[in-house]
Amino acid sequence: MPSPLLRHATASNAPKVLSLNNISKGILKAEYAVRGEIALRADELRKQLLAHPTSLPFKKITNCNIGNPQQLKQRPITFFRQVAALVEYPDLLNESNEAKTRTLFADDAIARARTYINAVGSSGAYSHSQGVPAVRSEVAKFIEARDGFPSSPDNIFLTAGASPGVQLVINALISHNKVGIMIPIPQYPLYTASIGLFDGVVVPYYLEESTNWGLNKDELVKSIKKAKNEGIEVRAMCVINPGNPTGQCLGWDNMVDIVKFCKEENLVLLADEVYQTNIYTPERPFHSFKKVIKSMGGIYGDLELVSFHSISKGMVGECGRRGGYFECTNIDSDAMEQFYKVSSISLCPPVQGQLMVGLMTNPPKEGDTSFPLYQKEISSIHASLKRRAESLANLFNSLEGMTCNRAEGALYLFPSITLSQRAVAAAKAQSRQPDELYCLELLEETGVCVVPGSGFLQKDGTWHFRSTFLPPEDEMGDFETSLEKFHKKFMDKYR
């Protein structure tokens, strides 16, 4: 017979120790629209299609709500996967298997796999908490080649994607509930969610849609002045370049203005640069903020900077492996020791994700066996992304009440949509934002999942949604046709 204590613990009316009444306020405050209500509804519809394939007016869910390239059939890079496979199953490198292995794997992939196995021992073992030293050295050499300025492996932290690095640094910055972090609006929800989670204050600065989501220094001055007048201690400014969800790429002069502003206001600059290879306009190339700061030199050369990069984006698209890094430039060594301490609590990032960071930053070079195929794959993916971005922007700009800036970079379009008063009233009756109503009905009618602009924050009275342009190129025609038909039906419904 159960003890009285056990009977009490399992009674159906026993109060829960953990409930919404006492859960962390930071957790309750945090919201992440990319995986929010509409994405959850998409999962429900996906399950329905599996159980009853003909029960809905579409055959599949198309997830354009998140930059997850391989989910939408982007092929992985052959050299990267060959190295990963050999590291994961090192018996293939045994002398008894070597002859057969060489018929399946490129010589340079075999050599790199051996290098990584020597560096980590086993991909199933914990690594150094800051990341595999050999991979950090690869990252430092990549940064030096990209920017033309020195980089030290000691200043680089490997992470499980860029997001944990962003959260670690934001957590370190927010020492009390009046610390503010400047973020661009529209923004990627990681930032508002993380600032809310750590009980800080979002200090918004608005990008200008009419100038292709440009950044005006006067807006920065206005934003920080307002925050200071409200008693907020602003400690950092986040810049997403290329932009998410807006797809713009900052020019050099604009970046110089940002560096000057951060120096004048004594701010740490947080540079989210995960889309640095997703550039579609040669006249607007990517420049890292480290390169800008070091090129300016003088009083600006010691600006505190943390830069983030990831294997999830670009032409790599290895989101599920969870690999990324951040580099500390001019960050206090004692603060970096605290970064290490927090990193060590989680022991280490996934080792296969770390090795993919090494592959991303140190791919095959000209003269290597795998270089021709690598170059072909990278170029093909990039060219296709550019074509898809242009095609989808053309569609959006052809639709009634919709305008869309073209993507200079990243993986997204962020069209503006003008909705009727009837649509606004219908949304209000459902306690929804108008663009949320549009996105939900789009999902229910077509199976296409996008994210309402209200999830990214936006200027009052404007409505948007974010869509990736990641559906396979051979499916873009049907995809765009379904969007066009839905839009006409929606606009007619709410006239």
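Predicted model: local features only at pLDDT ≥ 70, side-chain atom pairs only at ≥ 80, totals over all residues.
Residues are numbered from 1 along each chain as its sequence is written, and side-chain values use heavy atoms, with hydrogens and water left out.

Let me start with the salt bridges, a term that here stands for a side-chain nitrogen of Lys or Arg within 4 Å of a carboxyl oxygen of Asp or Glu. A search of the whole structure finds 27 of them. One of them joins Lys 73 to Glu 475, with the closest N and O atoms 3.0 Å apart. This pair links distant parts of the chain, 402 residues apart, with Lys 73 in the loop between strand S1 (62–63) and helix H4 (78–88), and Glu 475 in the loop between strand S14 (465–468) and helix H18 (476–493). Helices (H or I, at least four residues) and strands (E, at least two) are DSSP runs, numbered from the N terminus. As for cover, buried means under 20% relative accessible area, exposed over 50%, and partly exposed in between, with a 1.4 Å probe and protein chains only. Lys 73 is exposed at 57%, whereas Glu 475 is partly exposed at 22%.

Why are Lys 488 and Asp 492 separated by about one helical turn? The reason is that they are 4 residues apart in helix H18. In general, an α-helix has 3.6 residues a turn, so residues three or four places apart point the same way. Lys 488 is exposed, at 55% relative accessible area, and Asp 492 is partly exposed, at 35%. Elsewhere, Glu 98, Arg 102, Asp 107 and Arg 114 are linked in a network of salt bridges.

Turning to helix H4, the buried residues there include Phe 79, Phe 80, Val 83 and Leu 86. What covers the buried residues of H4? Their cover includes helix H5 (98–104), helix H6 (107–120), helix H14 (351–361) and H15.

H15, which spans residues 371–398, also holds His 382, a residue that is partly exposed at 23% relative accessibility. His 382 touches Thr 277, Ile 279, Tyr 280 and Met 315, where residues up to four places away in sequence are not counted and contact means heavy atoms within 4.5 Å. His 382 and Met 315 are 67 residues apart in sequence, yet their C-alpha atoms are 6.6 Å apart in space.

Asp 332 sits in the loop between strand S8 (324–329) and helix H13 (333–345), and is partly exposed at 44%.

Finally, the backbone has two cis peptide bonds to point out, from Ile 185 to Pro 186 with omega near 5°, and between Asn 241 and Pro 242 with omega about -5°. Leu 347, in the loop between H13 and H14, has a positive phi near 70° although it is not a glycine.
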